[in-house]
Amino acid sequence: MGFFLETLLGGLMAGMLYSLVALGFVLIFKASGVFNFAQGAMVLFAALAMARFSEWLNASGLGNLWLVNLIAFAMAAGVMFCVAWVIERLVLRQLVNQEGTTLLMATLGITYFLEGLGQSLFGSDIYKIDIGMPKEPVMAFESTFPGGILINQEDLIAALIAACLVALLSLFFQKTSTGRALRAVADDHQAAQSIGIPLNRIWVIVWCVAGVVALVAGMIWGSKLGVQFSLATVALRALPVVILGGLTSVPGAIIGGLIIGVGEKLSEVYLGPYVGGGIEIWFAYVLALLFLLVRPQGLFGEKIIDRV
Amino acid sequence: MSKQIGDVILNVQNISLSFGGVKALSDISFDVREHEIRAIIGPNGAGKSSMLNCINGVYTPQQGSITFRGQTFSHMDSHQVAVMGVARTFQNLALFKGMSVLDNIMTGRNLRMKSNLLLQAIRFGPAQREEFEHRRKVEEIIDFLEIQAYRKTPVGQLPYGLQKRVDLGRALALEPQVLLLDEPMAGMNVEEKQDMCRFILDVNDEFGTTVVLIEHDMGVVMDISDRVVVLDYGKKIGDGTPDEVRNNPEVISAYLGTGH
C-alpha cells in the first residue's frame, strides 16, 4: 500500500508539470483558435533567459539567492512579454481569419525561430537554474504505513508552485474584467468585438500569460534537469495531455496532466515488468490515441457540432 | 407616441459590397434619425445582414461611406464602433456560452471599466466600488428584461427566447446610442415575439435609444417601426413609413411575386 501511494504521489507531481505546459496550449487555443506548436520552444526560451540572467546577476555580485531569482524571473518575464508582442504584431495580426492549418504552420515556424534565437542569444550549453530547491527526499506517514512514504521534496515544491499558478490564473480569469474579456473572446470572437473588446490587445495578453506559464514550467523543469535543448521537446509530452483533457478546457489541462502523470508511473511500475519496461515513454500517447477513438473532443472539451 | 424624433444620427451613402462575383449590396443609401425605430426588411438573401455588418464594421464595403454623428467613415472598425456607442445583437445567437447570464451582460460593461487589474483581482477599494457600480447597472438591465431568475444560469442552458433576451441585455449594457438588432424575433413563437417587441419599444421609449432592426416578418415590423427600408437582391426598392412601404407596388411584388 505504501509503495502504491508513493508511486501515485510521484505520478501526480510529475503530472502537475505536464499540466503547466498543457495549460499554455489551452490558453492560446481558447483565445485565438491557434494550436500553438511553439509552446515548447517558449518553455526553452524562457528557461534559457532566466538561467542566463540569474547567472549574470550572480556574477555581478548579488549574493541573495531569493533576490537573484526574483529579479531574473522578472527579467525573463519581460523577455516573454516582448516575444508575445512581437508574435502578435508580426505574425498573428497578418494572419487574422486564416485557416487553422495556416496558423499551425506559422507557429511551427515560430518554434524553430525561437529555438534558434534562444540559442544564439543565450548560448547552447547546459545551464542550471538554482532556485534553492531541497534535493533530498523525506519520509512521511511513517506511523500510518510500514516503512512510510518517500516523498521527493523538490517535486512537492514544484507541484505547489504549479498549483499556486493555476489558482492565480483562475482568480485572474474569474475576478477581473480583463479575465472576463478573455473568456468572452474564447467563446465568440465576433460577439466580443461587437461589445468593444479589442481582439489584438487580448491576443497580446493571452500570449503574455502563456509566456509566463512557459517560464514557470521552464524554471521548474530547468531546476530539476538543467536547462538544455531537450526542454523544447517537453511540449511533445504535453500533447497527449491536451488530447485527453480537451483543447478548450483549463481544468481539462490540469486533470489531463495528472491522469497522464499517474498513468505513466503506475503503468511503468505495475505493467512494466511484463512487457520489458520502457512503458513510460509511450504510455501517454497510446492513452491519447484510445481517447481519440472514444471521445475525440477530450474529457472536458466542447463537442463540435456542425450544422449541416 | 410622445417621443421626439431628432436629426440624422447615422447616414449610409451609396454602399456597395460584393463577395467575389456576388453583389450583396449595390448602391444603398438611407438615413437613421435619432430616437426612431428604423427597420430594414426584405426577403431572404436581400442583403439585410450584410448591411448591418457594414455599419458594424464586420464587413468592409467596396464603395460608399457611413456618417455617424457627423463623422464620415469609408469603413467602420468593429472596436471603434462599440466605443462610439453602437451595440448590436446577432441573428444566430453569439452569446458566451460558458458564462452565466450575469457575466455575459457584465462583459458589455468592459469598455467602461477603468480600474487596475491587480486591484480588481483582490477586490480592493476603488476597484470594488467600480465593480459594484457596474453590477448595479447590470442588475437594472436584468430587471428590465425580466430575467432575474436566471442570473447565475449558464446561458447555454436557457431556452432560445431567453437567450435572445440575454443577447439584447449584453448590447444594452454598453448603454448604446444606436442599437442594431439582427432579426431579434427570428425563430420565436407569438408570445416570445410580443415580449421582444415590448422590450424594443421600451428601450426606445425609456432610454431614447435609436434602434435599427432587421426582420423578414413584415407584420411585426410594420407595427413597431417609424420608418422602413426595403431591400431585395441587394438593391433598395422602398423607403418610407410603414403605410407607404405597404402600398409600394415594387415591395408587394418582391414579397408576393408578380403575376406572369
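Two strands pair if DSSP finds at least two bridges between them. In chain B, strand E1 (residues 8-19) and strand E2 clear that mark, with eight bridges joining them. The two strands run antiparallel. The model is predicted. This briefing starts with that sheet, then turns to the domains, the chain contacts and the core.

**The sheet in chain B**

- E1(B) and E2(B) belong to an open sheet of four strands. The order is E2-E1-E4-E5, and the pairing is antiparallel.
- Strand E2 (22-33) and strand E5 (71-73) of chain B stand at the edges. Each has a single partner strand, so one side of each is left without a neighbour in the sheet.
- On average, neighbouring strands of this sheet are turned by 15 degrees against each other, direction ignored.
- Asn11(B) has Asp31(B) in E2(B) as its bridge partner.
- E1(B) and E2(B) form a hairpin with two residues between the strands. There, Gly20(B) takes a positive phi near 60 degrees.
- Strand E4 (residues 63-68) of chain B is joined to E5(B) by three bridges, and these strands run antiparallel. Ile66(B) has Phe73(B) in E5(B) as its bridge partner.
- In a regular strand, side chains alternate between the two faces of the sheet.

**The two domains of chain B**

- The domain assignment gives domain 1 (1-85 + 176-260) and domain 2 (97-169) of chain B.
- Their C-alpha centres lie 28 Å apart.
- Where do they touch? Eight residues of domain 1 of chain B are in contact with six residues of domain 2 of chain B.
- On the domain 1 side, H2 and helix H7 (190-206) of chain B each give two or more residues. H7(B) gives the most, with three residues.
- That side of domain 1 of chain B divides into six nonpolar residues, one polar and one charged.

**Where chain B meets chain A**

- How many residues of chain B are in contact with chain A? There are 28, and they meet 20 residues of chain A.
- Four elements of chain B give two or more residues to its side of this contact: helix H2 (78-84), strand E6 (86-88), helix H3 (101-107) and helix H4 (117-121).
- H2(B) supplies the largest share of that side, four residues.
- The residues on the chain B side divide into 15 nonpolar, eight polar and five charged.

**The nonpolar core**

- In soluble globular proteins, nonpolar side chains tend to be buried together.
- The largest nonpolar core here has 171 residues. Those with the most contacts inside it are Val43(A), Ala46(A), Ala47(A), Met50(A) and Val206(A).
- Helix H8 (residues 199-225) of chain A gives the most to this core, with 18 residues.
- Domain 1 (1-85 + 176-260) and domain 2 (97-169) of chain B both give residues to this core, so it lies between them.
- Which residues are in contact with Val206(A), leaving aside its neighbours within four places in sequence? They are Leu27(A), Ile28(A), Ala31(A), Ser32(A) and Leu182(A).

**A covered helix in chain A**

- Helix H6 (residues 177-187) of chain A is mostly covered, with ten of its eleven residues buried.
- Among the buried residues of H6(A) are Leu182(A), Val185(A), Arg180(A) and Asp187(A).
- Leu182(A) is also in contact with Val206(A).

Notes
Residues numbered from 1 in each chain as written. Chains lettered and ligands numbered in written order. Predicted model: local features only at pLDDT ≥ 70, side-chain atom pairs only at ≥ 80, totals over all residues. Contact = placed C-beta atoms within 7 Å. Nonpolar A, V, L, I, M, F, W, Y, C, P; charged D, E, K, R; others polar. Domains from an automatic or database assignment. Buried ≥ 20, exposed ≤ 12 C-beta atoms within 10 Å, placed from the backbone. Core = buried A, V, L, I, M, F, W, Y, C linked by C-beta atoms within 7 Å. Axes fitted to C-alpha atoms, helices over the stretch in contact; angles between N-to-C directions.
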